[in-house]
Amino acid sequence: MGFARLRRLPFLKGQEAGLVGVIVVLSVAFSFVNPNFLTTDNLRNVLVAVAVVGIMSIGQCFVIIAREIDLSVGSVMGLSGLCGAWLMAAGLNPWIAVALAIGVGAAAGFVNGLIVVLFRVNSFIATLGMLSVARGLTQVISGGLPIMVDPQVMFLGQGSFLDIPVQVLIFIGLVIVGQFVLKRSVIGQRIVAVGDNDEAARLSGIPIASTRIAVFVVSGALAAIAGIVYTAQVSVAEAQAGTGLELDVIAAVVIGGASLSGGRGSILGAMLGAYLLGALRNAFILLELSPFLQQMSVGLVIVLAAIFDQVRQGSFRNAGIMQSFVGIFRSRSR
């Protein structure tokens, strides 16, 4: 199926269709380099590896569309998973512990939202502080020691249904719900309006403060779900779980077409962005590239996606950068 045909699919917009095309082209290219890349088992491994980052990218997508950012998702993921395991180890019913762990993530997001809205602290700074607080709490609660997960919840990370891993089903289910909320619900329209032009949204009667708090709560809750899934996957909760994952989450959302200037993005795009990153990492492992080169490649992909976003919006012209280049070129040509 060509790119033009992909764009005609009703659920794929321009950038999403482009991402599908890039994924197909890269997959074919990697399969020539390593025939194991396109095997069923390897594609299953990619999906399993993508699920945790993908779940967090859904919440981050809402935050970025509202013209904010959440740097605390990796630490909140680790804290929530650890709290769930700690409560299970203390004898609490495992499913009540899971619900409370999700509540911990939502509470962390609520605090982020309050700091941003009430005290007008930049979300970059507010969530950077939460990143450190949550990481410190994991050390305090665990004492630096791993905590085993109750076997009853391990199927969330290790089970399968119709030969599809449960964590992949959870991820896809959350993508469907998130896409519906963003595109079809009132709260989704409010998030886009606040991110596009908060003054116009205020004049339209949209509650800006509660909308911004809501996106942080959703981001925290989804980070907690990712934490539960990851903890169930590895059977143990550790204080360092989720370290550095915020970079991958933000990269997935930006690659998926969300604008860092707010007002634009899609959950489906974030899912495709997460899959593209996961496929790249998997290919690098099969090609036996250094982990340092893998990390560097993620950083380069983020920068390229951000530059593409700025070019798409014409920000170069607004900032006068292009005029400066044109002026330098003209002065040298005289």
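Tutor: Start with Arg67, which has a relative accessible area of 36% and therefore counts as partly exposed. The model is predicted: local features need pLDDT of at least 70 and side-chain atom pairs pLDDT 80 or more, while totals for chains, interfaces and linings use all residues. Residues are numbered from 1 along each chain as its sequence is written, and side-chain values use heavy atoms, without hydrogens and water.

Student: Why is Arg67 called partly exposed?

Tutor: Buried means under 20% relative accessible area, exposed means over 50%, and partly exposed is in between, with a 1.4 Å probe and protein chains only. Arg67 is at 36%, so the label is partly exposed. Arg67 sits in the loop between α3 and α4; helices here are DSSP runs of H or I with at least four residues, strands are E runs of at least two, and numbering goes from the N terminus.

Student: What makes Arg120 exposed?

Tutor: Arg120 has 74% relative accessibility and so counts as exposed. Arg120 belongs to the loop between α5 and α6 (123-142).

Student: What is the phi of Arg67, and what is that of Arg120?

Tutor: Arg67 has a phi near 65°, positive in a residue other than glycine, and Arg120 has a positive phi near 55°. Most residues other than glycine have a negative phi.

Student: How do you know that Cys61 is buried?

Tutor: Cys61 has 0% relative accessibility, so the label is buried. Cys83, at 12%, counts as buried too.

Student: How many disulfides does the search find?

Tutor: A disulfide is a pair of cysteine sulfur atoms within 2.5 Å, and the search of the whole structure finds 0.

Student: Why is the pair of Trp95 and Phe155 called edge-to-face?

Tutor: Rings of Phe, Tyr and Trp (its six-membered ring) pair if their centres lie within 6.5 Å; planes under 30 degrees apart count as stacked, over 60 as edge-to-face and the rest as tilted. Trp95 and Phe155 are 6.2 Å centre to centre with 65° between the planes, an edge-to-face pair. Trp95 is in helix α5 (residues 94-118) and Phe155 in helix α7 (residues 155-158), so the pair ties together parts 60 residues apart in sequence. Trp95 is partly exposed at 39%, and Phe155 is partly exposed at 42%.

Student: What makes a space a cavity or a pocket?

Tutor: On a 1 Å grid over the protein atoms alone, a cavity is a set of points where a 1.4 Å probe fits but cannot get out; a pocket is an open set with protein on both sides within 12 Å along at least five of seven lines, and lining residues have an atom within 4 Å of a point. Points are joined across faces, edges and corners, and a volume is the space filled by probe spheres set on the points. By this rule there are 4 cavities of 30 Å³ or more. The largest cavity has a volume of about 50 Å³, and α4 gives the most to its lining, with 4 residues.

Student: Which residues lie nearest the centre of the largest pocket?

Tutor: Ala49, Val53, Leu245, Asp248 and Arg281 do, out of a lining of 23 residues. The volume of the largest pocket is about 460 Å³, and α3 gives the most to the lining, with 8 residues.
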